[in-house]
Amino acid sequence: MRKIWDIHGGIHPPENKTQSLQDNIRAAGIPAQLIVPLSQHIGAPAAPIVNVGDRVLKGQMIGEAKGFVSAPVHAPSSGTVAAIEPRVIPHPSGMSAPCVVINCDGKDEWISHQGISDYRSLDKNTLVDTIRNAGIAGMGGAGFPSSVKLSGGKDKPIDTLILNGTECEPYITADDILMQERAAEIIAGAEILRHIVEPNETLIGVEDNKPEALAAMRAAAEGTGIEVVSFPTKYPSGGEKQLIQILTGKEVPSGGLPADIGIVCQNIGSARAIYRAVCHGEPLISRVTTVTGEACSTPRNYDVLIGTPVQYLLDLSHFDASRCIRLIMGGPMMGYTLQDTAVPIVKTSNCVLAPTVEELPPPPPAQACIRCGMCAEACPVSLLPQQMYWFSRAQEHDKLEEHNLADCIECGACSYVCPSNIPLVQYYRASKAEIRQAQQDKIKAERSKERFEARQARIEREAAEKEAKRKARLEAAKAKQQSATKDGSKDDIIQAAIARSKAKKSGGADNPPQDPAQAAIARAQAARSGDAVSETAEEKTARLEKQLASTEKRLAAAQQKLQLAIDNNDDNVEAFRSGVEKTEGKLQALRKELDAHRASQAPAPAESASDDPAAAAIARAQAKRAGGAETESPDAARERLTTQIASTEKRLDAAQQKYADAQAQGDANAAAFATAVEKTQAKLDKLRAELAALPAAEPEPAAEASNADDPAAQAIARALAARNANAELSEADKARNAVSSLEKRIAKTQQKLDQAQADGDDNAAILSDTLAKLQGKLDEARQALDALSQEEN
């Protein structure tokens, strides 16, 4: 006879099991609507693979497993998918979760399916996949997917297979009636499990308060080598770890699994479901559920389709809501209150309890702990409930973990024996939830930190790569410049000219000509030291005029910004006004410098000045600035005013267009654009008035007037003159013009580069590359010029 071990603690509450054992298992039938949660097990929820409006058949997969610890769900009956949405599910918190809602058609039409005739010919992995695809999970507790338990590797051989038929909690008789009526199917499922895990022994544990179930199981197991073991009734001997200790004397280590000590434990309901899946091809779509309590006139056990609303079962049992104190999913010890009777039956729903106030009176108010120690004596896991209670109240989670809070099976034995009526289990459940939340928050924080550090590393890497590319461009430009000045392998006209120059130089030994390169270097050094003029008068005039035009544009923009700031009551009005004043001062300084430069370049004789329109204009401006008489001729004034009027008309058109766009878009700057239109219109009116006041112009020959008034004809004439002049130039003169043009471009580019470097502009690298390229071209042009100059000599 097998030795039976005892467990620490435990209690003997009233069983109240006879009420629901007065009748056989009854089929609950097909409700009008089934609500199938996508998560009915521990692990990742299933993902829906059907759409609203689809017609599904009984046994059809409607949600596929996602992840290793997961299980699929199937349609319990045929019908149409009415919704895929969150619905209230059986849970202590009354939470909602995604569900597939099926409107049943009453036909109960099966999908095509068939079982395996000889499962012994299949290997372990094939059978485990069959069990997994059938969606079978633990039906007596937390709902751990059965395929995961059966997938143990060779490094963990299984010595003992245990089927749990204890059902120790009061009121619940689902497993009891299942063993009485369907013992053969349970034993057949146990045989399949034996084939998969290959244990040395197979045990079925049943408490001695179920004599009919014991007899039926022993009769069915006769000759199979499966041992049905009876042991004394005590709550909570049905816990997995407690049952293992009772039957084998082995204890599962804290934080460990039964497989760590060579044991696999399955519920007898799961064993029957495995038999139906393997031998008949039926997924887990129904289970036996107890509906009991004195508020139900006909308590009994039902074979219920998964997803059946609880209210549907209560109606079958003639439930009287007025007598029920509270509706419980599960037993009185470990069950939880249901807030809504619309919640569905799931794979782990073994009981719906509807007690009256006489059966389960409300607990009296909790009182202070008297430190009696009865909770520690009753704890089947040998924990210290009293200490854990204090740590829970103080939210000292680290100490709770040190006292192995995770090993608490929430059986409620401590709360049952507490003389102060303290709801200890509720404290432990809340602390477990807080610890899990803290762990998840820590994981999220670590992931956020990793993402931040990765982003910083990426930014630094990109900055380093950008700097490396910039340096590489600079080095490449320098190398190209050096190769352009040192490489003598280019067979082009410039090198040919250099070669002819060298040959000519070597032919005149008596009076060797001066080296043009050395002469160019000497000229550059003289210009750098200040001994020579580095900028011609024309170049200085062009530079000052360009700076003057740029400053006028900046002043106009600054004045516009100032006006906008004034109109909008901006706090930065003074800053804008200061910018306008500074720009005006710079503009005046540039005008003075340009006037002085033009005056210094004006020819001395009065006769020549009269023939030069530019000199005449300068003279008139200087005279006007000095307060002298206006010397501008009527024709010159008419030409000037005509040009100014045309320019002002264009500006007025542009300002009016901007104003119209601003009004159409509801721009806040529309008032500023309107002011600009008014000022431009006033200026145009003034110019037109001045033009009208001038005496009438004398008529000129038609041909001359047409040429003078036609800008296109003038541009064509200038282009023809430039082309004719360029055609008459020698090769040396063309080379000189090229050198002069490149020197101007280099000077402008150098100014832009200095400004970009001072401002920290990203375009500094590009300007540096451009400058290096221009310098290379200038060196080549100078060499060609020197060679051509020597040929002319």
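**Strands side by side**

Guide: Let's begin with a facing pair: Arg 287 has Val 304 of β14 opposite it. You're looking at a predicted model, where local features need pLDDT of at least 70 and side-chain atom pairs count only at pLDDT 80 or more, while totals for chains, interfaces and linings use all residues. Numbering starts from 1 along each chain as its sequence is written, and side-chain values use heavy atoms, leaving out hydrogens and water.

Visitor: What makes β13 and β14 a pair?

Guide: Two strands pair if DSSP finds at least two bridges between them. Strands are DSSP runs of E with at least two residues, helices are runs of H or I with at least four, and both are numbered from the N terminus. Between β13 (residues 286-292) and β14 (residues 300-305) there are six bridges, so by the rule of at least two they pair. Their direction is antiparallel.

Visitor: Which sheet are they in, and why are some of its strands called edges?

Guide: The sheet is open, with six strands in the order β1-β14-β13-β17-β15-β16 and mixed pairing. β1 and β16 (336-337) each have a single partner strand, so one side of each has no neighbour in the sheet. That's what puts them at the edges.

Visitor: Why is Ser 349 called buried?

Guide: Buried means under 20% relative accessible area, exposed means over 50%, and partly exposed is in between (1.4 Å probe, protein chains only). Ser 349 has 3%, so buried it is. You'll find Ser 349 in the loop between β16 and β17 (351-353). Skipping residues up to four places away in sequence, Ser 349 touches Arg 287, Val 288, Thr 289 and Met 329. Touching, or contact, means heavy atoms within 4.5 Å.

Visitor: What makes a group of residues a nonpolar core?

Guide: The members must be buried Ala, Val, Leu, Ile, Met, Phe, Trp, Tyr or Cys, joined through side-chain atoms within 4.5 Å. The largest such core here has 41 residues, and those touching the most other members include Ile 136, Leu 163, Ile 204 and Met 217. Among the elements giving two or more residues are α1 (124-133), α4 (183-197), β10 (201-207) and α7 (268-280). The largest share, eight residues, comes from α4. Apart from this core lies another, of 18 residues, Ala 295 and Leu 338 among them.

Visitor: Which residues does Ile 204 meet?

Guide: Leaving aside neighbours within four places in sequence, Ile 204 contacts Leu 163, Ile 187, Met 217, Ile 226, Glu 227, Val 228 and Val 229.

Visitor: Why are α1 and α7 described as roughly perpendicular?

Guide: Their axes come within 10 Å and cross at roughly 110°. Angles of 65 to 115 degrees count as roughly perpendicular, under 35 as roughly parallel, over 145 as roughly antiparallel and the rest as oblique. That makes α1 roughly perpendicular to α7. The axes are lines fitted to C-alpha atoms, for helices over the stretch in contact, and angles run from 0 to 180 degrees between N-to-C directions. Leu 127, Thr 130 and Ile 131 in α1 meet Ile 274, Ala 277 and Val 278 in α7.

**Charged partners**

Visitor: How do you know that Glu 227 and Arg 2 form a salt bridge?

Guide: The rule asks for a side-chain nitrogen of Lys or Arg within 4 Å of a carboxyl oxygen of Asp or Glu. For Glu 227 and Arg 2, the closest N and O atoms are 3.4 Å apart, so the pair passes. Glu 227 sits in strand β11 and Arg 2 in the segment before β1 (26-27), 225 residues apart. With relative accessible area at 31%, Glu 227 is partly exposed, and Arg 2 is as well, at 24%.

Visitor: How many salt bridges are there by this rule?

Guide: The count is 27. One of them joins Arg 688 and Glu 649 at 2.8 Å, N to O, linking helix α21 (residues 670-693) to helix α20 (residues 634-665). Another joins Lys 399 and Glu 396 at 3.0 Å. Glu 185, Arg 272, Arg 276 and Glu 282 are linked in a network of salt bridges.
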